[in-house]
Amino acid sequence: MTEQKVFELASRLLARTKEGTQHWEGSVSDQAFLTSFPKYSVKVGRVADPDGENWLTVIWIYNEAGDEIEAAREDVLSEKLQDWGAFGTPRGPNVAGVLRELYEEARRSALNVEGALDDLLASLQ
């Protein structure tokens, strides 16, 4: 149940970020971005996989005291939400896709990529 709620949270944050109604800021790590609510904060970032060859997206939830109360890595969350079809084919939500897109949208929001592009394009007219 917790995994489904974390995925729903990520999906809703993605939708609001794409709409421009959820704003993000940089965090201590240059690979993570943070958004805040009255009682909680959510961070999305990237960590190296166990082999150190690829990046995995992670979502963290913190309480108002700054304590981590939940964390979910894309591969673990995908596995827990996976359902298997009749012929052993995996079905279920595209957890990795949602978390990766949330990371990219959070990064764009925190770094004001749209504003930078608008300024650059205006300077070239």
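Helices and strands here are DSSP runs, H or I with at least four residues for helices and E with at least two for strands, numbered from the N terminus.

Before going on, a word on the source: this is a predicted model, in which local features need pLDDT of at least 70, side-chain atom pairs count only at pLDDT 80 or more, and totals for chains, interfaces and linings use all residues. Residues are numbered from 1 along each chain as its sequence is written, and side-chain values use heavy atoms, with hydrogens and water left out.

Back to our residue. Is threonine 57 buried or exposed? Threonine 57 is buried, at a relative accessible area of 1%. Buried means under 20% relative accessible area, exposed over 50%, and partly exposed in between, with a 1.4 Å probe and protein chains only. Which residues does threonine 57 touch, leaving out those up to four places away in sequence? They are Val44, Gly45, Arg46, Ala72, Arg73, Glu74, Leu99, Arg100 and Tyr103, where contact means heavy atoms within 4.5 Å.

Now let's step back to the whole fold. The protein has four helices and seven strands, and from the N terminus on the order is α-β-β-β-β-β-α-β-β-α-α. The C-alpha trace spans about 55 × 40 × 30 Å along its principal axes. Of the contacts with a separation of 6 or more, 40% are between residues 24 or more positions apart.

Next, the strand pairings; two strands pair if DSSP finds at least two bridges between them. Strand β1 (residues 25–26) pairs antiparallel with strand β2 (residues 32–36) over two bridges, and glycine 26 stands opposite phenylalanine 33 in β2. These two strands form a hairpin with five residues between them. β2 then pairs with β3, again in the antiparallel sense, over five bridges, with serine 36 partnered by serine 41 in β3. That hairpin has three residues between its strands.

Our strand β4 is antiparallel to β5 (residues 68–73), and five bridges join them. Tryptophan 60 has alanine 71 in β5 as its bridge partner. Four residues separate β4 and β5 in their hairpin, and glycine 66 in the turn has a positive phi of about 90°.

On to the interior. In soluble globular proteins, nonpolar side chains tend to be buried together. A nonpolar core here is a set of buried Ala, Val, Leu, Ile, Met, Phe, Trp, Tyr and Cys residues joined through side-chain atoms within 4.5 Å. The largest one has 20 residues, and Trp24, Ile59, Leu77 and Leu102 touch the most other members. Two or more residues each come from α1 (2–19), β3 (40–48), β4 (55–63), α2 (74–81) and α3 (95–110). Which element gives the largest share? That is α3, with six residues.

Finally, the surface. Buried residues make up 31% of the 125 residues. The protein exposes about 8100 Å², and carbon and sulfur atoms supply 50% of that; the areas come from the Shrake-Rupley method with a 1.4 Å probe, and for residues only the protein chains shown count as cover.
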